[in-house]
Amino acid sequence: MVPVPKLTRAEAVQAVRNPLAFIAARWTPSPRTVQRAALLALAMSVVLVVTGGAVRLTGSGLGCPTWPKCTDDSLATTGAMGFHGVIEFGNRMLTYVLCAAVGWAIIAARAEKPWRRGVTRLGWAQFWIVMGNAVLGGIVVLVGLNPYTVAAHFLLTSALIGVATVMWQRTREGDGAPRPLVGPAVRQLVWFLVVASVLLIAVGTVVTGAGPHAGDSSDVKRMPLDWETVSKLHAVLAWIVVTLTFALWFVLKAVDAPKGPPARTRELFVILLAQGVIGYVQYFTNLPEALVGAHMLGSALIWVGVLRVLLSLRERPIPAADLPATPSTTLTNA
């Protein structure tokens, strides 16, 4: 057996004062490990959207009626609280799983050689968004599922997904100055797509806040808006996003762009079509819970897809000095 190295007093003090630097000095993850850690953080942020939707759609939003405890007398759910308590408390516990995934991404990014401060900062940005969203989630419970706080909760989760997507992309490229792969007109079109997508997501939260799924069986206040009118506005924005995506794909083909942007645009278009089918079916079938949950998942995937299109418009090559040595090079230097 390999003996476990003993820590000196100075090393123990260093580990306490700066654990990330301590780990980085003793471990170097492979680039693939860093990429997988970033992808795991992104996947968990999307899962959080789905489980949050499950809480609302099962009417479990007040399954734990207070925060940070589940009840005034218990940190965890009790048997008397039944199914709704389990669902709400389980969603709270998932926040810790998300924190672990984000923490792993931060550690992997910090330990990578050479150290890429920008990538590590993206990991820390996710951590602070998670912490802020946890507090906001508690406020949502304390104010009785006020629809405006619920909307803010979802929008902050969308911001988390955005940062996680950027970090995942940054782990797969270098730190050099970005080099555009398309002309300014195409980039401008993509920014229109991004803005339209942000408006689509924002109006989607209003549809939720005015709709029938309040998150609890009690009389929860709804946004004082006509739900069908807001839903039609949401549909118009969805068609604008679809039209911009199709136009972008056509333009990219016309200018013979590199394969990256057209591929990401095609993926986004497929997600949009699937989301559109789900949206119209749920509208005409009186909003069944399963379809609403699938629509929430689709919203998160669309946002990831839009950002991937935006990030595909430029490249940041990895410097040759940072690439792992090939077997032939290793043998030559040996």
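Phe246 is partly exposed, with 46% relative accessible area; the scale sets buried at under 20%, exposed at over 50% and partly exposed in between, using a 1.4 Å probe and protein chains only. The model is predicted: local features need pLDDT of at least 70, side-chain atom pairs count only at pLDDT 80 or more, and totals for chains, interfaces and linings use all residues. Residues are numbered from 1 along each chain as its sequence is written, and side-chain values use heavy atoms, with hydrogens and water left out.

Phe246 forms a tilted aromatic pair with Phe269, at 6.0 Å centre to centre and 45° between the planes. Rings of Phe, Tyr and Trp (its six-membered ring) pair if their centres lie within 6.5 Å, with planes under 30 degrees apart counted as stacked, over 60 as edge-to-face and the rest as tilted. Phe246 in helix H8 and Phe269 in helix H9 are 23 residues apart, so that the pair links distant parts of the chain. Phe269 is partly exposed at 24% relative accessible area.

## Packing of H8 and H9

The axes of H8 (residues 227-254) and H9 (residues 260-284) come within 10 Å and cross at roughly 155°. Helices are DSSP runs (H or I, at least four residues), numbered from the N terminus. Axes are lines fitted to C-alpha atoms over the stretch in contact, and angles run from 0 to 180 degrees between N-to-C directions. H8 and H9 are therefore roughly antiparallel, a term for angles over 145 degrees.

The loop between H8 and H9 contains Asp256. Phi of Asp256 is positive, near 55°, in a residue other than glycine. Asp256 is exposed, at 67% relative accessibility.

## Other aromatic contacts

Tyr283 and Phe284 form an edge-to-face pair, because their ring centres are 5.1 Å apart and their planes stand at 90°. Tyr283 is partly exposed at 26%, whereas Phe284 is exposed at 64%. Trp124, Phe127 and Trp128 form one aromatic cluster.

Arg110 lies over the face of Trp115, 3.7 Å from the ring centre. For such a contact, NZ of Lys or CZ of Arg must be within 6 Å of the ring centre and within 35 degrees of the ring normal. Arg172 lies over the face of Trp168, at 4.1 Å.

## Backbone features in loops

The peptide bond from Trp67 to Pro68 is cis, with omega near 10°. Another cis bond joins Lys113 and Pro114, with omega about -5°.

How values were computed. Helices (H or I, at least four residues) and strands (E, at least two) are DSSP runs, numbered from the N terminus. Angles under 35 degrees count as roughly parallel, over 145 as roughly antiparallel, 65 to 115 as roughly perpendicular and the rest as oblique.
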